Amino acid sequence: MITPRVRTAARRTSGMPAYVYDLSALDEHAASVRWALPDIELYYAVKANPDPELLRVLARHVDGFEVSSGGEHAHVAALFPGMPLALGGPGKTDAELRLPCHRLHVESPGELRRLLATGREADVLLRINPDLPVEGAALTMDGPFGMDEAGVEECLPLFTDQVRLRGLHAHLASGLDADRLLGLAERLLDTDHAEVNLGGGMAVDYAAPDERFDWAGYGAGLAKLRRAGQRVRVEPGRALTAYCGHYVTTVVDVKRVRGQAYAVLLGGTHHLRTPVTKGHDQPFTVLPTGGGPGVTDEPVTLVGQLCTPKDVFARNIVTSVRVGDTVVFAMAGAYAWNISHHDFLMHPHPAFHYV
């Protein structure tokens, strides 16, 4: 599950929580995704993980970055001056609507009117929220995101020579396999608009960490669906960076409560929020670096240091673990540190290492 270089780096973290990012693995993975999408524009959704070192690797393979706030815009623009940026996100402020970008994703007729009132020039994609069935998704982006058909019709007559309509943006769901995403793409690409951004949503299976989204099949399918001259863009986030990240920590206690075994780890979900937000068991490897008391080959629940019963990494996983052992959680390269409630209980922040 973990490469020798990650294993070596994990043993060097001095027992304190740390993130280990495998930049070589990220570079190889991003290159393979780029190869699978030869005629499709590839943007990275920065919200998944804005770590500068990861962004520097991805910049070699992507056509641009999708940012969803003024903070993300400033962060990426400072790292990569001149790199194309797509600015999205609901609830943009007037200041954010004035930010320079390659494409601005407009979420509502009201937002478009505020954009027009700024007097700036802009190339716009209308974010649509069509009434399409989405089956098998881990998360559907309905409700306040984008606009329905009536909202689109209200927007169309508002465009000017300064604020230009370039096409549509649609990010409908997350956690879909290639076949389901292609089914949605078939409907979304059946349009007269010359440019369509299909968003992200490529499946990442935390229960099967060695599996990957079928990028080759997805790219081949999009090539068949894309109309002649149509500009198609995708914005993966999690599916690009999840696999390169590892959260490394140490077992500080092993105990039983009413017969249930618990391993208490330094750190917690205030460092790695993913298993709580996704409601899953985070995949992990135990490195036998300790010699303290523990359990052998029985169900163990791995928890952190927080004063809440929700501070759980994985439940009832059969393993062997001792006090002092090193635990390496895989698939921690997206929606992990950057969405965590860092300062709850004011524990130290983790270190960051790059291999």
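Modeller: This is a predicted model. Begin with burial, where a residue counts as buried under 20% relative accessible area. Of the 355 residues in the protein chain, 53% are buried.

Biologist: How much accessible surface does the protein chain have, and what share belongs to carbon and sulfur atoms?

Modeller: The accessible surface is about 15300 Å², and carbon and sulfur atoms hold 52% of that.

Biologist: What does the radius of gyration say about the protein chain?

Modeller: The idea is to compare the value with that of a compact globule. For 355 residues such a globule would have a radius near 20 Å, and the protein chain has 22 Å, so the two agree. Along the principal axes, the C-alpha atoms fill a box of roughly 70 × 40 × 35 Å.

Biologist: Which secondary structure does the protein chain have?

Modeller: There are eleven helices and 18 strands. Contacts can then be sorted by sequence separation. Taking contacts between residues at least 6 apart in sequence, 71% join residues at least 24 apart.

Biologist: How should I read a pocket, say the second largest pocket?

Modeller: Take its volume, then its lining. The second largest pocket has a volume of about 320 Å³. Its lining has 19 residues, and Thr-3, Ala-25, Arg-212, Tyr-243 and Cys-244 lie nearest the centre. Helix H1 (4-10) and helix H2 (23-36) are the elements giving two or more residues to this lining.

Biologist: Which element gives the most to the lining of the second largest pocket?

Modeller: H2 does, with four residues. By type, the lining residues of the second largest pocket are eleven nonpolar, three polar and five charged.

Notes: Residues are numbered from 1 along each chain as its sequence is written. This is a predicted model: local features need pLDDT of at least 70, side-chain atom pairs count only at pLDDT 80 or more; totals for chains, interfaces and linings use all residues. Side-chain values use heavy atoms; hydrogens and water are left out. On a 1 Å grid over the protein atoms alone, a cavity is a set of points where a 1.4 Å probe fits but cannot get out, and a pocket is an open set with protein on both sides within 12 Å along at least five of seven lines; lining residues have an atom within 4 Å of a point. Grid points are joined across faces, edges and corners, and a volume is the space filled by probe spheres set on the points. Ala, Val, Leu, Ile, Met, Phe, Trp, Tyr, Cys and Pro count as nonpolar, Asp, Glu, Lys and Arg as charged, and the others, Gly among them, as polar. The radius of gyration is taken over C-alpha atoms; the globule rule is 2.2 Å times the number of residues to the power 0.38. Buried means under 20% relative accessible area, exposed over 50%, partly exposed in between (1.4 Å probe, protein chains only). Contact means heavy atoms within 4.5 Å. Accessible areas come from the Shrake-Rupley method with a 1.4 Å probe; for residues, only the protein chains shown count as cover.
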